[in-house]
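I will look up one thing at a time and write down what I find.

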Amino acid sequence: FPSHDTCPIGLTVDVLEEIVGLSSYTDNPLVFTNKRVYRLNGQYDELGQGQVTFEDITKTVGCMSHNSIVQTRYGVFWAGDDGFYWTDGFNFKKVSDSINERYKSLVSSNTRKSRIYAAYDTTENKIHWAVTYGNSATDNDAFFTLDLRWGISESCTFTTRSIVTG
């Protein structure tokens with residue numbers, strides 16, 4: 001019999017692209033790739049019988065950086081190709097329509113994409129994404145902050161702070 005701290009050797013799930021990051025929400029494991037987000041379904045019993053499969057949450061939106069993924073009490077948020085996104089493990093929504101033009105500079109190169117870091121402030125109920133924003137910036141120089149006190153919608157409230165040089 002397997003012990004409680006192991007899983008069957010055959011426990012593998014092949015997804016369609018390279019995995020960028022992992023998270024979970026309400027006991028649903030989430031897998032992020034460059035082009036999709038999946039939810040893992042299934043289970044194994046104490047005898048090691050069962051299976052795990054994946055189901056698309058979105059086939060059109062991926063994740064730019066594993067460090068951009070952040071779990072909150074309302075779901076999981078991440079940086080995609082064209083904006084910031086939210087999922088509850090079943091639905092997804094772009095939450096940054098209000099900053100579409102500014103967002104383009106955050107993902108204008110692979111280096112900038114990889115530098116997007118997120119943190120959730122549970123006291124203020126805000127997500128802070130550290131990003132490279134300035135045209136001549138060589139490292140992260142700005143924060144894009146999502147205020148969750150106003151709800152989750154296509155045009156959530158964002159505040160930006162950047163380092164001014166010169």
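**Entry 1: ground rules**

I start with pairing: two strands pair if DSSP finds at least two bridges between them. Strands (E, at least two residues) and helices (H or I, at least four) are DSSP runs, numbered from the N terminus. I note that this is a predicted model, where local features need pLDDT of at least 70, side-chain atom pairs count only at pLDDT 80 or more, and totals for chains, interfaces and linings use all residues. Residues are numbered from 1 along each chain as its sequence is written, and side-chain values use heavy atoms, with hydrogens and water left out.

**Entry 2: the whole chain**

I looked up the elements and found two helices and twelve strands. I read the pattern along the sequence as β-β-β-β-β-β-β-β-α-α-β-β-β-β. The C-alpha trace spans about 65 × 30 × 25 Å along its principal axes.

I then looked up burial. Buried means under 20% relative accessible area, exposed over 50%, and partly exposed in between (1.4 Å probe, protein chains only). Of the 166 residues, 39% count as buried. The accessible surface (Shrake-Rupley method, 1.4 Å probe) comes to about 9600 Å², and 48% of this belongs to carbon and sulfur atoms.

**Entry 3: the sheet of S1 to S4**

In which order do the four strands of this open sheet stand? I read S1-S2-S3-S4, with antiparallel pairing. Strand S1 (19-25) and strand S4 (50-58) are at the edges with a single partner strand each, so one side of each has no neighbour in the sheet. Neighbouring strands are turned by 25° against each other on average, direction ignored. The axes behind such angles are lines fitted to C-alpha atoms, for helices over the stretch in contact; angles run from 0 to 180 degrees between N-to-C directions.

I zoomed in on S2 and strand S3 (residues 37-44). They run antiparallel and are joined by three bridges. Leu-30 has Arg-39 in S3 as its bridge partner.

**Entry 4: the sheet of S9 to S12**

I found an open sheet of four strands in the order S9-S10-S11-S12, with antiparallel pairing.

Strand S9 (residues 117-121) pairs with S10 in the antiparallel sense over five bridges. Ala-119 has His-128 in S10 as its bridge partner. The hairpin of S9 and S10 has four residues between the strands, and Asn-125 takes a positive phi near 60° there.

S11 and S12 also run antiparallel, joined by five bridges. Here Phe-143 has Arg-161 in S12 as its bridge partner.

**Entry 5: the cores**

A nonpolar core is a set of buried Ala, Val, Leu, Ile, Met, Phe, Trp, Tyr and Cys residues joined through side-chain atoms within 4.5 Å. Which members of the largest core touch the most others? I listed Phe-77, Phe-84, Val-95, Ile-127, Trp-129, Leu-146 and Phe-158, out of 22 residues. Two or more residues of this core come from each of strand S6 (75-79), strand S7 (84-87), helix H1 (100-106), strand S10 (126-131) and strand S11 (142-147). A second, separate core has eleven residues, including Tyr-25, Leu-30, Phe-32 and Ile-69.

I picked Ile-127 and looked up its contacts (heavy atoms within 4.5 Å). Beyond its neighbours within four places in sequence, Ile-127 touches residues that include Val-70, Phe-77, Ala-119, Phe-144 and Leu-146.

**Entry 6: aromatic pairs**

Rings of Phe, Tyr and Trp (its six-membered ring) pair if their centres lie within 6.5 Å; planes under 30 degrees apart count as stacked, over 60 as edge-to-face and the rest as tilted. I counted nine aromatic pairs by this rule.

Phe-32 and Trp-78 have ring centres 5.1 Å apart and planes at 65°, so this pair is edge-to-face. Phe-32 lies in strand S2 (residues 28-33) and Trp-78 in strand S6, 46 residues apart. Both are buried.

Tyr-133 and Phe-144 are edge-to-face too, with 5.5 Å from centre to centre and 65° between the planes. Tyr-133 sits in the loop between S10 and S11, and Phe-144 in strand S11. Is Tyr-133 buried or partly exposed? At 26% relative accessibility, Tyr-133 counts as partly exposed. Phe-144 is buried, at 0%.

Last, I noted a cluster: ring pairs link Phe-32, Trp-78, Tyr-85 and Phe-92.
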